[in-house]
Amino acid sequence: MKVEEIMIREVVQSSPENSITEAAKLMREKAVGCLVITADGAIKGLITDRDLLGCIAAGHNPRECKISAHMSRPVAVIKPEEEHLTAADVMRRRRIKRLPIAKQGKLLGIVSLSDLSKLALSDLRQIESSLKLASSFVGAVEIQSRTDRRIQPEIEPSNRAMGETPMAS
């Protein structure tokens, strides 16, 4: 499945010049775990809830500290026509949970690890359903085969009917 089919199109964005406090407020208001940081339409970084904690843990003042000081960069980005398995591979290799989707530098969406896990769960349910169906067919064939063996007369020719006597071993 193409990532454009599963990506979230309404990406919450912020400026690298905004404060960590502003980022935290926006993340809480929009109920998201990250913001894509953009300037003049270009992706400059990504800031997550963990990055906000890093600011505080470092003893910085979140009201004065700018997003640019704590955002992750460079940002891994993939194209919307890429397969979801490619997105999963990039996320695994880069050890990231969110991956922006862009084309010609324009942010189009974002896909998260939880988006991919929902898709994987759906795939597993489909496989489970297919396996149950296949198992039903196999069971029906086995029952039919046993029934056919009980009903059919033995077809083996009798040696006695042909005038032969059984041979001793």
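Visitor: How many bridges join strand E2 to strand E3?

Guide: This is a predicted model, in which local features need pLDDT of at least 70 and side-chain atom pairs count only at pLDDT 80 or more, while totals for chains, interfaces and linings use all residues. Residues are numbered from 1 along each chain as its sequence is written, and side-chain values use heavy atoms, with hydrogens and water left out. Strands (E, at least two residues) and helices (H or I, at least four) are DSSP runs numbered from the N terminus, and two strands pair if DSSP finds at least two bridges between them. E2, residues 34-39, runs antiparallel to E3, and the bridges that join them number six.

Visitor: Which strands stand at the edges of the sheet?

Guide: Three strands form an open sheet with mixed pairing, in the order E1-E2-E3. Two of these strands have a single partner each, so one side of each is left without a neighbour in the sheet. They are E1 (13-14) and E3 (42-48).

Visitor: Within what arc do the buried residues of helix H3 fall?

Guide: Buried means under 20% relative accessible area, exposed over 50%, and partly exposed in between, with a 1.4 Å probe and protein chains only. In H3 (residues 84-94) the buried residues are His84, Ala87, Val90 and Met91. They line one face of the helix, because, seen down its axis and judged by the directions from that axis to the C-beta atoms, they fall within an arc of 120 degrees.

Visitor: Which exposed residues does the other face of H3 carry?

Guide: Here we look at the face of H3 turned away from its buried side. Its exposed residues are Leu85, Arg92 and Arg93.

Visitor: Which residue in the turn between E4 and E5 has a positive phi?

Guide: E4 and E5 run antiparallel and are joined by six bridges. They form a hairpin with two residues between them, and the one with a positive phi, about 50 degrees, is glutamine 104.
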